[in-house]
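Please read these points with the model open beside you. They are meant to be checked one at a time.

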Amino acid sequence: MLGVFLFLVNFSFAADTSYTHIKEGQKAPFDGVLMTNDALVQMIATQESVVKTCELDKETQLKLQKNDLDTKYQLYETRCEAEKAMNEELIAIRDEQLKKDKAKDVIQRAAFFGGFVLGAATSVGIVYSLNQN
């Protein structure tokens, strides 16, 4: 296919583009390649076929690349959504644990202050009872 393309490119860069119609038996008025109408039609058809093939190859490659990128995008999007959901779940678990810890902290503080007050009251009571005797 590349050889045909290079062959046809040579024709497109030809310096002299003059042509003339001649009948069988006539002498050509210039040096060059003499082709029959069928050969010219075949050359043009081949060129058009090569162009169409290139266009189809380009479209196919473009579709394949688009499908590949769409698949990668969907994979990344799914992964991001999964990580987002996981992070939201972890945050919810952390917040719940912080609430539990806060409730425990209130109970521990109340027990500490209650114990302190009870200890102080006991000490005052003992000192008071010793001073009474």
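Is Lys100 buried, partly exposed or exposed? Lys100 counts as partly exposed, at 46% relative accessibility. Keep in mind throughout that this is a predicted model.

1. Overall make-up. The chain has two helices and zero strands. Of its 133 residues, 2% count as buried. The chain exposes about 12,500 Å², and carbon and sulfur atoms supply 61% of that area.

2. Lys100 and its partner. Lys100 forms a salt bridge with Glu96, at 3.8 Å from N to O. Both residues lie in helix 2 (residues 37-132), four residues apart, which is about one turn of the helix. Glu96 is partly exposed, at 47% relative accessibility.

3. Other salt bridges. The structure holds five salt bridges. One of them joins Arg109 to Asp105, at 3.4 Å from N to O. This pair also lies in helix 2, with four residues, about one turn, between one position and the other. Arg109 is exposed at 52%, while Asp105 is partly exposed at 32%. Arg94 and Asp95 form a salt bridge too, with the closest N and O atoms 3.0 Å apart. Arg94 is partly exposed at 48%, and Asp95 is partly exposed at 32%.

4. Aromatic rings. A search of the whole structure finds one aromatic pair. The ring centres of Phe112 and Phe113 are 5.5 Å apart and the planes are at 65°, so the pair is edge-to-face. Both Phe112 and Phe113 are exposed.

5. Cysteines. The count of disulfides is zero. Cys54 is partly exposed at 38%, and Cys80 is partly exposed at 49%.

Methods. Residues numbered from 1 in each chain as written. Predicted model: local features only at pLDDT ≥ 70, side-chain atom pairs only at ≥ 80, totals over all residues. Heavy atoms only, no water. Disulfide = S-S within 2.5 Å. Buried < 20%, exposed > 50% of the residue type's maximum accessible area, 1.4 Å probe, protein only. Phe/Tyr/Trp six-rings, centres within 6.5 Å; stacked < 30°, edge-to-face > 60°. Areas by Shrake-Rupley, 256 points an atom, 1.4 Å probe, with all protein chains shown as cover. Salt bridge = Lys/Arg side-chain N within 4 Å of Asp/Glu carboxyl O.
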